[in-house]
Amino acid sequence: MLKKILFVTLVISSCYNNAISQENTKDIGIIARITANIFAKDHFKLNIIDDQVSSLLFDEYFKTLDPSKNYFTQEDIEKFSDYRFKLDDQIKKSDINFAFEVYSYFVNRVELYNKFANKLIDSSVKFDTDEEFRPDRSKLPYPKNYEELQNVWIAKTKNDLLYYRLAQR
């Protein structure tokens with residue numbers, strides 16, 4: 001339960017990224033710290049927000065932003081891995097930079113995908129090869145790198161385009 005509450009706090013914080021600048025995150029940080037302290041009390045049967053909770057929170061944040069693993073790569077996750085065991089300490093200090101950093105990276109990657117997909121569609125997509133696309137990639141590993149991610153994007157775009165064309169009939 002604690003990880004869900006802490007996670008919700010980070011998600012809410014990251015959603016404010018579009019509404020306020022990072023200079024005005026003091027109140028959000030205070031809310032994160034208060035939430036962490038409340039749910040660390042004995043009556044929730046969790047006495048401490050520790051590195052284990054931090055690691056769970058780290059994984060849950062990526063899973064919630066990108067449940068089908070269409071935007072982050074394993075390299076991206078590794079890039080943010082310095083935060084894995086520091087989130088508990090950062091929340092206690094009202095530091096929510098992780099949420100802003102990852103959310104901003106995610107938004108940029110979604111925009112990059114949109115440009116990629118539009119360019120692919122404009123280049124006359126061919127459907128003459130037997131290909132497979134798994135829309136639910138949640139049980140699969142993240143693509144290893146950007147090159148593998150682009151292959152996922154090609155398959156996703158072709159699937160979406162095919163679905164759209166069939167729906168038009």
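pLDDT is the predictor's confidence in each residue, from 0 to 100. This is a predicted model: local features need pLDDT of at least 70, side-chain atom pairs count only at 80 or more, and totals for chains, interfaces and linings use all residues. Residues are numbered from 1 along each chain as its sequence is written, and side-chain values use heavy atoms, without hydrogens and water.

The protein chain averages a pLDDT of 80, and 72% of the residues score at least 70. Over residues 42–47 the pLDDT is below 50. Where pLDDT is low, the predicted coordinates should not be read in detail.

The whole structure holds 15 aromatic pairs. Rings of Phe, Tyr and Trp (its six-membered ring) pair if their centres lie within 6.5 Å; planes under 30 degrees apart count as stacked, over 60 as edge-to-face and the rest as tilted.

| Pair | Centre to centre | Angle between planes | Class |
|---|---|---|---|
| Phe62 and Phe72 | 4.9 Å | 80 degrees | edge-to-face |
| Phe62 and Phe80 | 6.0 Å | 50 degrees | tilted |

Both pairs link distant parts of the chain: Phe62 and Phe72 are 10 residues apart, and Phe62 and Phe80 are 18 residues apart.

Phe62 is buried at 1%. Phe72 is buried too, at 0%. Phe80 is also buried.

Technical notes: Contact = heavy atoms within 4.5 Å. Helix = DSSP H or I, 4+ residues; strand = E, 2+ residues; numbered from the N terminus. Buried < 20%, exposed > 50% of the residue type's maximum accessible area, 1.4 Å probe, protein only.
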